[in-house]
Amino acid sequence: MKGLSKQQGHGPRGKKAVLLLNLGTPDAPTPKAVRRYLAEFLSDPRVVEIPKLLWQLILHGIVLRVRPAKSAALYQQIWTEQGSPLMDISLRQRDALRALLAEQGSEVRVELAMRYGQPSVSSVLQQLHSDGVDAITVLPLYPQYSAPTTGSAFDAVAKELMGWRYLPSLNFINSYHDRPEFISALAASIRRDFEANGKPQKLVLSYHGMPERNLHLGDPYYCLCLKTSRLVAEELGLQEGEYMNTFQSRFGKAKWLGPYTDATMAQLPTEGVKDVAVVCPAFSADCLETLEEIAGQNREIFEHAGGERFRYIPALNDDPAHIDMMAKLVAPYL
């Protein structure tokens with residue numbers, strides 16, 4: 001149109017994209033980088049539901065003065081040549097899903113964003129917009145919905161889109177805790193471990209914890225976790241006494257969902273359970289909470305209490321069955 005600049009014109013659009021979204025990670029295992037990451041993470045009102053003014057005083061007056069150095073030391077234990085395990089695995093997931101969808105004939109972009117840290121949700125969405133994408137399917141990589149994770153992911157997407165004049169078509173997948181493809185992939189990974197190492201006395205399914213208050217306020221996370229475990233146990237043919245659910249990663253003094261994983265690891269050997277396998281079905285990629293907290297700290301707790309055999313079964317990561325599941329989740333929208 002005469003008189004319009006290239007930027008003012010409306011070029012061809014119609015492109016589709018899948019946006020994988022995970023929690024995030026510090027840029028480096030240093031106190032400075034961890035402080036920057038924690039400041040963003042712990043300032044999210046979905047994560048910490050304390051009156052803002054009071055919490056900001058606690059956060060900046062206490063938490064961010066003490067926790068970054070401690071957390072950085074833990075990150076240093078799991079950091080690799082490729083950097084953060086969560087970032088490395090997430091990028092491999094993105095690349096594998098790209099390849100699979102292309103192989104299946106889908107002309108779709110696949111990108112990765114992190115709720116906290118980089119690449120940020122806003123920067124990735126802005127890039128998709130500038131590239132002519134106007135149909136986006138968001139897949140938060142949290143199998144079981146919870147407000148502090150999946151809900152916060154939606155908040156980040158909505159916050160960016162609020163400033164756009166032209167909005168894309170948007171599909172948001174809020175949970176896949178009971179999808180047959182997810183249960184099958186998870187059960188297969190556990191079965192492979194059993195075949196290689198023998199069946200343990202107890203399979204412990206350790207989920208990320210959250211304040212018990214959230215459950216009473218209507219968050220379905222606890223119930224979705226129990227359903228995932230029940231379906232996995234059925235797939236594996238496990239009886240009720242052969243597996244159990246626990247919750248890890250407590251923070252603060254409030255009562256959290258239980259039983260707690262660390263307390264369970266200290267208790268099981270006293271009950272004669274000396275051989276356990278632990279899997280973390282709420283984590284789509286291995287990270288600090290699985291590699292250091294479970295495979296490290298909780299192993300030590302179990303062995304110190306008299307346990308003899310502890311093994312951590314890795315997250316699904318970029319397992320082909322996991323990538324195939326992602327493809328099936330987004331397929332109806334492509």
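The following questions and answers concern a predicted model of one protein chain.

Me: What radius of gyration does the protein chain have, and why does it agree with that of a compact globule?
Reply: The C-alpha trace spans about 80 × 50 × 40 Å along its principal axes. For 334 residues, a compact globule would have a radius of gyration near 20 Å. The value for the protein chain agrees with this, because it is 21 Å.

Me: What percentage of the contacts in the protein chain with a separation of 6 or more comes from residues 24 or more positions apart?
Reply: Buried residues make up 49% of the 334 residues in the protein chain. Among contacts with a separation of 6 or more, the share of residues 24 or more positions apart is 78%.

Me: What part of the accessible surface of the protein chain belongs to carbon and sulfur atoms?
Reply: The accessible surface of the protein chain comes to about 16200 Å². The part of this surface that belongs to carbon and sulfur atoms is 53%.

Me: How far apart are the mean positions of the positive and negative charges of the protein chain?
Reply: The protein chain carries 36 positive and 37 negative charges.

Me: Which elements do the buried residues of H6 pack against?
Reply: Helix H6 covers residues 180–197, and its 18 residues reach 25 Å from first C-alpha to last, close to the expected 26 Å. Its buried residues are Phe182, Ile183, Ala185, Leu186, Ala187, Ser189, Ile190, Asp193 and Phe194. The elements they pack against are strand S5, helix H8, strand S7, strand S8 and helix H11.

Me: Is Pro180 buried or exposed?
Reply: Pro180 is found in helix H6, and its C-alpha atom is separated by 21 Å from that of Val18, 162 residues away along the chain. The relative accessibility of Pro180 is 58%. A residue counts as exposed when this value is over 50%, and therefore Pro180 is exposed.

Me: Which elements do the buried residues of H3 pack against?
Reply: Helix H3, residues 85–103, has 19 residues and reaches 27 Å from its first C-alpha to its last, close to the expected 27 Å. Its buried residues include Pro85, Leu86, Met87, Arg94, Leu97 and Leu101. The elements these buried residues pack against are strand S1, helix H2, strand S2, helix H10 and H11.

Me: How far apart in space are Glu103 and Ala147, C-alpha to C-alpha?
Reply: Glu103 lies in helix H3 and counts as exposed because its relative accessibility is 67%. Glu103 and Ala147 are 44 residues apart in sequence. Their C-alpha separation in space is 35 Å.

Me: Which residue just after H6 takes a positive phi?
Reply: H3 is followed by Gly105, whose phi is positive, near 90 degrees. Just after H6, the residue with a positive phi, of about 90 degrees, is Gly198.

Me: Which residues does Pro119 touch, not counting those up to four places away in sequence?
Reply: A cis peptide bond joins Gln118 and Pro119, with omega about -5 degrees, and Pro119 is placed in the loop between S2 and helix H4. Pro119 is partly exposed, because its relative accessible area is 27%. Its C-alpha atom is 8.6 Å from that of Gly24, 95 residues away in sequence. The residues it touches under this count are Met87, Leu112, Ala113, Met114 and Val124.

Me: In which loop does Pro259 lie?
Reply: Most peptide bonds are trans. The bond that joins Gly258 and Pro259 is cis, with omega about 0 degrees. Pro259 lies in the loop between strand S6 and helix H9.

Me: Is Ser249 buried or exposed?
Reply: Ser249 lies in the loop between S6 and H9 and has a positive phi of about 60 degrees although it is not a glycine. Its relative accessibility is 15%. The cut-off for a buried residue is under 20%, so Ser249 is buried.

Me: What is the relative accessible area of Asn317?
Reply: Asn317 is placed in the loop between S8 and H11. Although Asn317 is not a glycine, its phi is positive, about 50 degrees. Asn317 is buried because its relative accessible area is 11%.

Conventions:
Residues numbered from 1 in each chain as written. Predicted model: local features only at pLDDT ≥ 70, side-chain atom pairs only at ≥ 80, totals over all residues. Heavy atoms only, no water. Helix = DSSP H or I, 4+ residues; strand = E, 2+ residues; numbered from the N terminus. Buried < 20%, exposed > 50% of the residue type's maximum accessible area, 1.4 Å probe, protein only. Expected span 1.5 Å × (residues − 1). Contact = heavy atoms within 4.5 Å. Rg over C-alpha atoms; globule rule 2.2 N^0.38 Å. Areas by Shrake-Rupley, 256 points an atom, 1.4 Å probe, with all protein chains shown as cover. Lys, Arg positive; Asp, Glu negative; His and termini not counted. Charge placed at Lys NZ, Arg CZ, Asp CG, Glu CD.
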